[in-house]
Amino acid sequence: MTNFIKFQNPDHPKCQNKNCYNSRQEAEKVKQEQELMDIKQELKLKIYRCANCGKFHLTRAKN
Ligand SMILES: [Zn+2]
């Protein structure tokens with residue numbers, strides 16, 4: 001039996017063109033990979049919990 005919270009807009013257009021991660025650990029792994037792949041080593045990503053789909057997305061962190 002699944003026990004996850006229902007969010008208002010699981011198919012929100014803002015989420016459709018983003019990668020969603022089911023767990024913070026998964027997002028963290030991809031975050032590190034993408035930061036390492038950046039040639040200039042300037043890429044900094046931030047993990048956040050999405051209020052629309054309830055999953056995790058990555059966004060560019062601004063200094
Ligand atoms: Zn989302």
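Cys-53 and His-57 are both buried (under 20% relative accessible area, with exposed over 50% and partly exposed in between, using a 1.4 Å probe and protein chains only). Keep in mind that this is a predicted model, where local features need pLDDT of at least 70, side-chain atom pairs count only at pLDDT 80 or more, and totals for chains, interfaces and linings use all residues. Residues are numbered from 1 along each chain as its sequence is written, and side-chain values use heavy atoms, with hydrogens and water left out.

**Zinc site**
- Cys-15 (SG), Cys-50 (SG), Cys-53 (SG) and His-57 (NE2) hold the zinc ion at 2.1 to 2.4 Å; donors are N, O and S atoms within 2.8 Å of the metal (3.2 Å for Na, K and Ca), and sites may look incomplete because water is not among the atoms.
- Along the chain, the zinc donors are spaced C-x34-C-x2-C-x3-H.
- The site is tetrahedral, with angles of 104 to 118° among its four donor atoms (all angles must lie between 85 and 135 degrees).

**Nonpolar core**
- The largest nonpolar core has eight residues, including Tyr-21, Val-30, Ile-47 and Leu-58; such a core joins buried Ala, Val, Leu, Ile, Met, Phe, Trp, Tyr and Cys residues through side-chain atoms within 4.5 Å.
- Two or more core residues come from each of α2 (24-37), β1 (45-49) and β2 (56-60); helices (H or I, at least four residues) and strands (E, at least two) are DSSP runs, numbered from the N terminus.

**Leu-58**
- Leu-58 sits in strand β2 and is buried, at 17% relative accessible area.
- Not counting residues up to four places away in sequence, Leu-58 touches Tyr-21, Lys-31 and Tyr-48, among others (heavy atoms within 4.5 Å).

Definitions and conventions. Four donors count as tetrahedral if all angles lie between 85 and 135 degrees; four count as square planar and six as octahedral if opposite donors are over 155 degrees apart and all others between 65 and 115; anything else is irregular.
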